[in-house]
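Reader: I would like to learn how to read the features of this model one at a time, with the general idea before the particular case. Could you take me through it in that way?

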Amino acid sequence: MKTIGLIGGTGWLSTLDYYRLINQGVNKKLGGLNSAQLLIHSFNYADIDRLNKQDDHGGVFRLVLEAAGKLTTASVDALVLCANTLHQYVDKLEDQIKVPIIHIADATAKEINKKGLSIIGMLGTKFTMEMDFYTKKLSEAGIESLVPEKQDRVFIHSAIMDELLKEIYKDETKAKFLKIIDELKSLGAEGIVLGCTEIPLLIKQEDVDLPVINTLEVHANAIVDFAIG
């Protein structure tokens with residue numbers, strides 16, 4: 001079995017789900033007492049948040065690169081960034097490390113194609129919704145991405161930062177998310193990508209009448225396949 005290095009803590013709640021889902025996935029496939037071989041570097045997310053608020057993306061990248069260096073020194077076979085947003089640094093990271101990165105957008109595109117969808121609504125942090133590092137990957141797989149209006153993007157980003165990362169789940173926030181999803185549906189979205197690994201803490205498939213792609217789950221499945229493949 002291969003050893004996977006997880007770069008997490010962005011935030012810790014979703015990293016906890018990564019750990020659980022990867023281990024459950026390995027055990028489901030191999031049975032017995034089998035579980036995953038994992039090394040985890042977990043950030044203090046306050047450090048990341050401070051740099052983001054200063055628009056210091058170079059500073060965030062240096063933290064990610066340092067974490068990747070520690071894990072590759074420990075001889076992991078692959079790296080995982082346990083957040084959709086962190087994947088904006090994958091290209092630069094791949095230039096400086098020598099192990100593969102299991103990309104969340106690749107796993108998401110594969111799942112969208114498996115479901116036969118061609119137009120999706122993208123929910124995530126402002127970085128994921130407004131930059132092209134994620135939607136470009138989907139586009140290369142023949143998938144069109146729709147994002148909410150600016151005021152809704154601001155709302156979603158704030159809800160992630162001020163509520164979900166702090167284990168705060170409000171009914172009115174959930175209702176607003178569902179309204180935004182309905183608006184994306186009216187624009188032609190055939191499915192909804194939960195493109196932040198905290199959003200599934202609030203929004204579930206049973207809440208939505210379109211197919212919902214939980215990016216954390218599909219990423220975890222891809223990690224399991226790599227680890228035991």
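Author: Just after helix 3, S75 takes a positive phi of about 70 degrees; helices here (H or I, at least four residues) and strands (E, at least two) are DSSP runs, numbered from the N terminus. This is a predicted model, in which local features need pLDDT of at least 70 and side-chain atom pairs count only at pLDDT 80 or more, while totals for chains, interfaces and linings use all residues. Residues are numbered from 1 along each chain as its sequence is written, and side-chain values use heavy atoms, with hydrogens and water left out.

Reader: What span is expected for helix 3, and which of its residues are buried?

Author: The expected span of a helix is 1.5 Å times one less than its number of residues. Helix 3 has 17 residues and reaches 24 Å from its first C-alpha to its last, close to the 24 Å expected. As for burial (buried means under 20% relative accessible area, exposed over 50%, partly exposed in between, with a 1.4 Å probe and protein chains only), the buried residues of helix 3 are G59, V60, F61, V64, A67, A68 and L71. An α-helix has 3.6 residues a turn, so residues three or four places apart point the same way.

Reader: What covers the buried residues of helix 3?

Author: With contact taken as heavy atoms within 4.5 Å, the cover includes strand 1, strand 2, helix 2, strand 3 and helix 4. Helix 3 lies across strand 1, strand 2 and strand 3, running at about 160 degrees to strand 1, where axes are lines fitted to C-alpha atoms, for helices over the stretch in contact, and angles run from 0 to 180 degrees between N-to-C directions. Helix 1 (residues 12-30) also lies across strand 1, strand 2 and strand 3, running at about 175 degrees to strand 2.

Reader: What is the strand order of the sheet of three strands, and which are its edge strands?

Author: Two strands pair if DSSP finds at least two bridges between them. This open sheet has the order 2-1-3, with parallel pairing, and its edge strands are strand 2 (37-42) and strand 3, each of which pairs on one side only. Neighbouring strands of this sheet are turned by 25 degrees against each other on average, direction ignored. Strand 1 (residues 3-8) is joined to strand 3 by four bridges, and G5 has L79 in strand 3 as its bridge partner.

Reader: How is the sheet of four strands arranged?

Author: That open sheet has the order 5-4-6-7, with parallel pairing, and at its edges are strand 5 (144-146) and strand 7 (212-214), each pairing on one side only. Strand 4 pairs in the parallel sense with strand 6 (residues 191-194) over four bridges, and M122 stands opposite V193 in strand 6. Three bridges join strand 4 to strand 5, where G121 stands opposite L146. Four of the five residues of strand 4 are buried, so this strand is largely enclosed by the rest of the structure. Helix 10 (residues 215-228) lies across strand 6 and strand 7, running at about 55 degrees to strand 7.

Reader: How many aromatic pairs does a search of the whole structure find?

Author: A pair of aromatic rings is described by the distance of the centres and the angle of the planes. Rings of Phe, Tyr and Trp (its six-membered ring) pair if their centres lie within 6.5 Å, and planes under 30 degrees apart count as stacked, over 60 as edge-to-face and the rest as tilted. The search finds three aromatic pairs. One of them is the tilted pair of F61 and Y89, at 6.1 Å centre to centre and 35 degrees between the planes. This pair links distant parts of the chain, 28 residues apart, with F61 in helix 3 and Y89 in the loop between strand 3 (78-81) and helix 4 (90-94). Both F61 and Y89 are buried. Another is the edge-to-face pair of F133 and Y134, at 6.3 Å centre to centre and 75 degrees between the planes.

Reader: Which residue lies over the face of F61?

Author: A charge sits over a ring if NZ of Lys or CZ of Arg is within 6 Å of the ring centre and within 35 degrees of the ring normal. K92 lies over the face of F61, at 4.2 Å from the ring centre, and the charged end of K2 sits over the ring of F226, 5.3 Å from its centre.
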